[in-house]
Amino acid sequence: MRQETSEKTAWKVGDLAERTGLSVRTLHHYDEIGLLSPAGRTGSGHRLYSAEDVLRLQRIRSLRALGFGLEEIREFLEKPGFSVRGVIELHI
């Protein structure tokens, strides 16, 4: 279920999992290792993902599809000036 939070739309972890085909456990794991931390939490502590989080998740999934490991992906995403194109050129 999408929720309106401070002028932005946010997705609960279950909804994001369903829409992306990932498991809730995978999203929790990504949060635990610092790869994809949600932008917010509900009052009861449930994860809420913003549109920016969804974009980051799309990048993670694209890099996974190219065969990169989670640690490599985190390094790529943390680099200043990260570009998907640059990573694809590196991969090729």
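Okay, so let's start with Ile 92: buried or exposed? Ile 92 is exposed, with a relative accessible area of 81%. Exposed here means over 50% relative accessible area, buried means under 20%, and partly exposed is in between, using a 1.4 Å probe and protein chains only. Ile 92 sits in the segment after α5, and α5 covers 84–91. Helices are DSSP runs of H or I with at least four residues, strands are runs of E with at least two, and both are numbered from the N terminus.

Quick word on where this comes from. This is a predicted model, where local features need pLDDT of at least 70 and side-chain atom pairs count only at pLDDT 80 or more, while totals for chains, interfaces and linings use all residues. Residues are numbered from 1 along each chain as its sequence is written, and side-chain values use heavy atoms, with hydrogens and water left out.

Back to Ile 92. Together with Val 84 and Ile 88, Ile 92 forms a nonpolar patch on the surface, with about 280 Å² of accessible area in total. For patches, the residues need over 30% relative accessible area and no salt bridge; like charges are joined within 9 Å, and nonpolar side chains (Val, Leu, Ile, Met, Phe, Trp, Tyr) within 5 Å. The areas themselves come from the Shrake-Rupley method with a 1.4 Å probe, and for residues only the protein chains shown count as cover.

Let's zoom out. The protein chain has 5 helices and 4 strands, and from the N terminus on, the order is β-β-α-α-β-β-α-α-α. The C-alpha atoms fill a box of roughly 45 × 25 × 20 Å along the principal axes. Of the 92 residues, 33% count as buried.

Now, salt bridges. Side chains of opposite charge can pair when their charged atoms come close. The rule is a side-chain nitrogen of Lys or Arg within 4 Å of a carboxyl oxygen of Asp or Glu. By that rule, how many salt bridges are there? The count comes to 4.

Which residues are linked in a network of salt bridges? They are Asp 31, Arg 41 and Arg 47. Arg 41 pairs with Asp 31, with the closest N and O atoms 3.3 Å apart. That pair links distant parts of the chain, with Arg 41 in strand β3 and Asp 31 in helix α2 (residues 24–32), 10 residues apart. Arg 47 also pairs with Asp 31, and there the closest N and O atoms are 2.8 Å apart. Again distant parts of the chain are linked: Arg 47 is in strand β4 (residues 47–49), Asp 31 is in helix α2, and they are 16 residues apart. Asp 31 is buried at 13%, Arg 47 counts as buried at 15%, and Arg 41 is partly exposed at 46%.

Strand β3 (residues 40–41) also holds Gly 40, which counts as partly exposed at 23% relative accessibility. Gly 40 and Lys 12 are 28 residues apart in sequence, and 9.7 Å apart in space, C-alpha to C-alpha.

Arg 74 pairs with Glu 71, with the closest N and O atoms 2.2 Å apart. Why are they separated by about one helical turn? Because Arg 74 and Glu 71 are 3 residues apart in helix α4. Arg 74 is buried at 17%, whereas Glu 71 is partly exposed at 43%.
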